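Subject: Structure handover, pockets and cavities

Hi,

Here is the structure for you to look at. Please open it first, then read the notes below.

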Amino acid sequence: MADSRADPWVTVDALVGDQAAAWDLAGRLPEEVLRKLAGDGLLCAQVPAEYGGLGLSSQEGGAFTAHAGSRCSSLRSVMTSQGMAAWTIQRMGTEPQRREYLTRLASGELAAVAFSEPWAGSDLSAMQTQVRVDGEQIVLDGQKVWTTAALYADLIVVVGVQGQAGAAVIVPAGTAGLTMEPVPNPSGCRAAGHANLRFSSVRLPAEAMLGGGGQPLSVICTTALTFGRLSVAWGCVGILRACLAAAAGHAATRPQFGKPLAEHQLVARHLAELYSAEQAATRACEHASHCWDARSPELVMAAVLAKYQSARGAARGATTAAQIMGSAGAQDGHVVARACRDAKLMEIIEGSNEICQLMLAGHAVMRSR
């Protein structure tokens, strides 16, 4: 096998192989696969080389994320969580915190980010998880829901409220007072390790709080979510590419009424729409990654646009692929059947379609003034 740090795509192809369907049905990714990818720095490939990472640009990392997403959306979801955790640490942490935690995440440890709560999903201002300082320690109380990759994580970046501000805290899995329950039967990304978490007087050393805490909650959330939205968007490009490959291959070889399905005009229209969706999503993601790499002030909205365009395109594209495939793609675990479930979830996480629409509409109005 080629050196994964020279050719990460080869490593993903070799590790995933034809196993994604079985992982989806089992609802579990093999730990040895995750540890291999994490140990090679591939779950957070944009971590700078000075911390042991690959130092990929957003364009390079996005293309890799799309490839992983085309193979297994559950694996890509874990990659998104690891990347969000690393980026939050990189932006919000002190230099000693970056050196400790980024090095660990780029060399084999796994991480998750805990945002959503029972009454705080899209409205993160309603967050109730409390972080308070008690002498040389911090105390964490609250609960989180649908924390992706938590079942695999060694470290969980927990976002909470500290007085009138916010704080991000690194909580090691297994810490006293932390309880974790798997989300039963998730409809999408079944093997991504979703869990609900409860923190009951969890005590940690003060240095577990990134940057000393006290940052605006909106800044912490925007920092992590911008990375997450762009990663999800690239993952949706991968979903579209997998659907397009499966549907086009089927339509080109499946005869009906004396000719291949692809030569029937209505089926050809479906293929054209699927291809158009993949191309539009790719261009939106490329633009957002360009903004990231150029440190453009347009980044936040570019990431929202890419996430909205790609998630909506993937959800519709997966349905279109299922229509083309017919019964051939209807078996649970099939790449198109998985895509129909996984893509729908992408329209909800990291900012629902409706939240993205509100943000984009507000941006359009602001630009018109």
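The lining of the largest cavity splits into 6 nonpolar, 3 polar and 2 charged residues. For these classes, Ala, Val, Leu, Ile, Met, Phe, Trp, Tyr, Cys and Pro are nonpolar, Asp, Glu, Lys and Arg are charged, and the others, Gly among them, are polar.

Some background on the model. It is predicted, with local features needing pLDDT of at least 70 and side-chain atom pairs pLDDT 80 or more, while totals for chains, interfaces and linings use all residues. Residues are numbered from 1 along each chain as its sequence is written, and side-chain values use heavy atoms, leaving out hydrogens and water.

Now the terms. On a 1 Å grid over the protein atoms alone, a cavity is a set of points where a 1.4 Å probe fits but cannot get out. A pocket is an open set with protein on both sides within 12 Å along at least five of seven lines. Lining residues have an atom within 4 Å of a point. Points are joined across faces, edges and corners, and a volume is the space filled by probe spheres set on them. Helices (H or I, at least four residues) and strands (E, at least two) are DSSP runs, numbered from the N terminus.

Cavities

There are 2 cavities of 30 Å³ or more. The largest holds about 60 Å³. Its lining includes Gly69, Ser70, Ile239, Arg338 and Asp342. Helix 10 gives the most to this lining, with 4 residues.

The second largest cavity has a volume of about 40 Å³. Ala20, Trp23, Asp24, Arg338 and Asp342 are among the residues that line it. Helix 2 gives the most here, with 3 residues. By class, this lining has 4 nonpolar, 2 polar and 3 charged residues.

Pockets

The largest pocket has about 880 Å³ of space. It is lined by 36 residues, and Ser116, Gly121, Leu225, Glu350 and Gly351 lie nearest its centre. Helix 7 (217-253) is one of the elements that supply at least two lining residues. Helix 7 also gives the most, with 7 residues. The lining divides into 19 nonpolar, 14 polar and 3 charged residues.

The second largest pocket comes to about 730 Å³. Its lining has 38 residues, with Gln46, Ser58, Trp87, Phe227 and Trp292 nearest the centre. Helix 7 gives the most to this lining too, with 8 residues. The classes are 19 nonpolar, 16 polar and 3 charged.

Best wishes
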